[in-house]
Amino acid sequence: MSFIISDKHYVIERMEELSLFLITLIVDFGLQIIFGFLSIVLKTEKFYDFIGGLTHIVCAITGCLYRRNSVENVSFEAKLIQTFCICIWAGKLGSFLLYRVIKTGRDRRFDDAKKNPAKLMVFWIFQGLWVYMNILPSLFMWETSKKSMNFVSVLGWVVFLFGLAFETVADFQKLTFRNKEDNKGRFITSGLWSISRHPNYFGEIVLWYGLFISSCPYFSSQWAYFTFLCPTASALQICFVSGIPLLEKSGMERWGNDAAYARYVHTTGVLIPWLVCCECTPLPSRELLVDDEEGFPPDCMDKEASDVMVDVDLADLTNLHV
């Protein structure tokens, strides 16, 4: 009889652990489906990225409040910090991308999808997958209630803050650059963009690894450590699928024959600051490189390039997603 009771308690505990994963899964995809249908009816994509950020926030708050009233919930402070980190990033992402799409009037990624309801809904489903993948390491942290904060978590949050600051500064520098009328058709090479061609993506990758690190001390199962694959998958997606390759292709199409652009890409790391190697896309010919006493011009342009910038920025984390 005691064995049956013990086994029953074990099953209940396992169900409680799974419930958080199920709840956030329902919330995540529920929001995507609701707003996906709304975007199909209204034939607009303008709130797509904003909802992506909002979904992160809702799922994070749900996770933080999980088992909030448990007498053994000694890890609530750590959960609160983890939630705050995700909410800061998601709030910044959602508001920034909402501002950008309102200012430009449309998101080029959806030009074809808006004509095809099924394809547009696929975009929303992929956004749901992207959100869940991002928060999965934190879910294993939020479902734990018996472990207090330690140094490893603090280290993870420091890494997160570094990545967030790096990404935010890079985005602000690029936004400021683009808002100047004289810079239409130019490519930015100042600030953080002088040491990395995609510093915002570098910060994005770093911050999610930081949140994985901060989650590790709270993992109650060895399987949870496999969530290391979540930030790794995002990093690989950015580097080889939907982020850097699209921007590099766009740059080659517009400035591929520009000597200044050739010099920039051959002397500036594609992702990691100062690391000039590991290129994942074709580069302009080295024959275009010119040696001049003045050095590399600060911000250059091809006068015949289009004045319209192709927007494939940090939101393209969602681009399997998008």
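Modeller: A crossing counts as left-handed if the near helix is turned anticlockwise from the far one by less than a right angle, and as right-handed if clockwise. The model is predicted: local features need pLDDT of at least 70 and side-chain atom pairs 80 or more, while totals for chains, interfaces and linings use all residues. Residues are numbered from 1 along each chain as its sequence is written, and side-chain values use heavy atoms, without hydrogens or water.

Helix α5 covers residues 151–178, and its axis lies 7 Å from that of α6 at an angle of about 165 degrees (lines fitted to C-alpha atoms over the stretch in contact; angles from 0 to 180 degrees between N-to-C directions). That makes α5 roughly antiparallel to α6, a term for angles over 145 degrees, with roughly parallel meaning under 35. The residues in contact (heavy atoms within 4.5 Å) divide into 14 nonpolar, 7 polar and 3 charged; Ala, Val, Leu, Ile, Met, Phe, Trp, Tyr, Cys and Pro are nonpolar, Asp, Glu, Lys and Arg charged, the others polar.

Helix α4 packs against α7 with their axes 8 Å apart and at about 150 degrees, which makes this pair roughly antiparallel. The crossing of α4 and α7 is left-handed too. Met133, Asn134, Leu136 and Pro137 of α4 meet Cys230, Ala233 and Ser234 of α7. By class this contact has 5 nonpolar, 2 polar and no charged residues.

Helix α4 also packs with α2 (residues 48–65), here at about 25 degrees with the axes 10 Å apart, so α2 is roughly parallel to α4. Helix α2 passes α4 in a right-handed crossing. From α2 the contact takes Tyr48, Asp49, Ile51, Gly52, Thr55, His56, Cys59, Ala60, Gly63 and Cys64, and from α4 it takes Phe123, Trp124, Gln127, Trp130, Val131, Asn134, Ile135 and Trp142. These residues divide into 11 nonpolar, 6 polar and 1 charged.

Asn134 is in the contact with α7 and in the contact with α2.

Definitions and conventions
Helices (H or I, at least four residues) and strands (E, at least two) are DSSP runs, numbered from the N terminus. Angles under 35 degrees count as roughly parallel, over 145 as roughly antiparallel, 65 to 115 as roughly perpendicular and the rest as oblique.
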